[in-house]
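Biologist: Can you walk me through this one? Keep it simple, please.
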Amino acid sequence: MSSLSLAVRDSSTMLRRNLLHARRYPSLTLNLLLSPIVLLLLFVYIFGDVMSAGIGNGGADRSAYLAYLVPGVLLMTIGSTTIGSAVSVATDMTEGIIARFRTMAIHRGSVLVGHVVGSVLQCVMSVVLVGAVAVAIGFRATDATALEWLLAVGLLTLVSVALTWIAVGMGLSSPNAEAASNNALPLMVLPLLSSAFVPVDAMPGWFQPIAEYQPFTPAIETLRGLLLGTEIGHNGWLAVAWCVGLAVLGYVWSTSLFAREPK
């Protein structure tokens with residue numbers, strides 16, 4: 001077999017291993033998935049009328065705020081799901097299975113590839129579940145064309161890949177699973193500091209640069225434009241640039257940490 005065939009075979013084996021772990025121990029994924037669903041329901045049914053009146057033209061419209069909120073919650077879902085990848089990688093590193101893999105005749109990169117692909121698949125499934133909840137409570141994107149839906153799916157997948165590689169690096173650099181969970185927490189907190197819940201223009205002046213110059217805001221605005229027809233402007237290119245930059249950074253960081261010989 002060629003080296004490429006071996007890499008694909010070993011990566012597929014590691015992917016199956018990680019998916020089996022996720023299926024046998026679903027509590028972590030469910031706990032991480034619960035946060036965006038709770039926030040979605042909380043902001044729609046408790047704060048929906050007030051928030052829509054505050055960011056609109058003075059009229060309370062819960063359905064309009066639901067439409068505004070959903071793209072941000074979907075991106076938050078990806079961020080929270082990738083925390084599980086950091087925990088999973090840290091667990092493998094501390095429990096000795098990685099040391100055993102190093103002694104076996106397998107492709108070195110297959111371990112990381114299995115984690116990344118498995119996490120991206122979990123992100124996609126999580127987004128589908130949260131999206132189903134959003135649809136159940138009234139979210140509609142009927143004006144989006146087939147091409148816009150395709151681009152939206154591509155954007156969500158690209159964000160998943162970028163954040164997963166960052167999460168893998170966080171897991172590799174953490175001494176244990178608990179530290180990995182804490183280190184990866186910004187992946188779920190940053191959407192709270194973006195335009196997910198209120199427009200950047202409605203924020204205090206001193207806080208606007210924090211919300212604007214970060215990866216989640218352009219991704220949210222791009223997804224909002226694709227699904228709801230709002231103006232995307234330069235956010236599309238910024239979102240792609242952020243994703244590509246984070247993916248490359250996470251890949252280089254993760255592979256360099258993984259290549260180090262254990263002490």
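Predicted model: local features only at pLDDT ≥ 70, side-chain atom pairs only at ≥ 80, totals over all residues.

Biologist: Let's start with the largest pocket. How much space lies in it?

Modeller: About 450 Å³.

Biologist: How many residues line the largest pocket, and which lie nearest its centre?

Modeller: There are 22 lining residues. His21, Ala22, Leu28, Gly84 and Ser88 lie nearest the centre.

Biologist: Now the closed spaces. How many cavities of 30 Å³ or more does the structure hold?

Modeller: The structure holds 2 of them. Rolling a probe the size of a water molecule over the atoms shows where empty space is left.

Biologist: What lines the largest cavity?

Modeller: The lining is Val159, Ala162, Leu163, Pro215, Phe216, Ala219, Trp242, Cys243 and Leu246. Helices α7 (146-172), α11 (216-228) and α12 (235-259) each give two or more of the lining residues. The space in this cavity is about 70 Å³.

Biologist: How do those lining residues divide by class?

Modeller: The lining of the largest cavity has 9 nonpolar residues, no polar and no charged.

Biologist: What about the second largest cavity: how much space, and which residues line it?

Modeller: About 30 Å³ of space lies there. Its lining is Ile98, Phe101, Arg102, Ile106, Arg108, Val111 and Phe258. Helix α5 (residues 97-102) gives the most, with 3 residues.

Biologist: And its classes?

Modeller: The second largest cavity is lined by 5 nonpolar and 2 charged residues, with no polar ones.

Biologist: Charged residues bring me to salt bridges. How many turn up in the whole structure?

Modeller: A search finds 2. Side chains of opposite charge can pair when their charged atoms come close.

Biologist: Which residue does aspartate 92 pair with?

Modeller: Its partner is arginine 17. The distance is 2.9 Å, N to O. Aspartate 92 sits in helix α4 (residues 62-95) and arginine 17 in helix α1 (residues 3-24), so the bridge ties together parts that are 75 residues apart in sequence.

Biologist: Is that pair buried or exposed?

Modeller: Aspartate 92 is buried, at 4% relative accessible area. Arginine 17 counts as buried too, at 17%. The cut-off for buried is under 20%.

Biologist: And glutamate 221? Which residue does its side chain meet in a salt bridge?

Modeller: Glutamate 221 meets arginine 224, at 2.8 Å, N to O. Both lie in helix α11. They are 3 residues apart, about one turn of the helix.

Biologist: Are glutamate 221 and arginine 224 buried or exposed?

Modeller: Glutamate 221 is buried, with a relative accessible area of 17%. Arginine 224 is buried as well, at 2%.

Biologist: Let's switch to the surface. Which residues make the nonpolar patch?

Modeller: Leu34, Val38, Leu41, Leu42, Tyr45, Ile46 and Phe47 make it. The patch is about 600 Å².

Biologist: Where is isoleucine 46 found?

Modeller: Isoleucine 46 is in the loop between α2 (27-45) and α3 (48-55). At 55% relative accessibility, isoleucine 46 counts as exposed. Exposed means over 50%.

Biologist: Last topic: distance along the chain against distance in space. How far apart are serine 12 and serine 110?

Modeller: They are 98 residues apart in sequence. In space, their C-alpha atoms are 7.9 Å apart. Serine 12 is in helix α1 and is partly exposed, at 31% relative accessible area.

Biologist: And how far is methionine 93 from threonine 81?

Modeller: Those two are 12 residues apart along the chain. Their C-alpha atoms are separated by 20 Å.

Biologist: Where does methionine 93 lie, and what does its accessibility count as?

Modeller: Methionine 93 lies in helix α4. At 30% relative accessibility, methionine 93 counts as partly exposed.

Terms used: Residues numbered from 1 in each chain as written. Heavy atoms only, no water. 1 Å grid on protein atoms, 1.4 Å probe; cavity = no way out; pocket = protein on both sides within 12 Å on 5 of 7 lines; lining within 4 Å. Points joined across faces, edges and corners; volume = space filled by probe spheres on them. Helix = DSSP H or I, 4+ residues; strand = E, 2+ residues; numbered from the N terminus. Nonpolar A, V, L, I, M, F, W, Y, C, P; charged D, E, K, R; others polar. Salt bridge = Lys/Arg side-chain N within 4 Å of Asp/Glu carboxyl O. Buried < 20%, exposed > 50% of the residue type's maximum accessible area, 1.4 Å probe, protein only. Patch = residues over 30% accessible without salt bridge, like charges linked within 9 Å, V, L, I, M, F, W, Y side chains within 5 Å. Areas by Shrake-Rupley, 256 points an atom, 1.4 Å probe, with all protein chains shown as cover.
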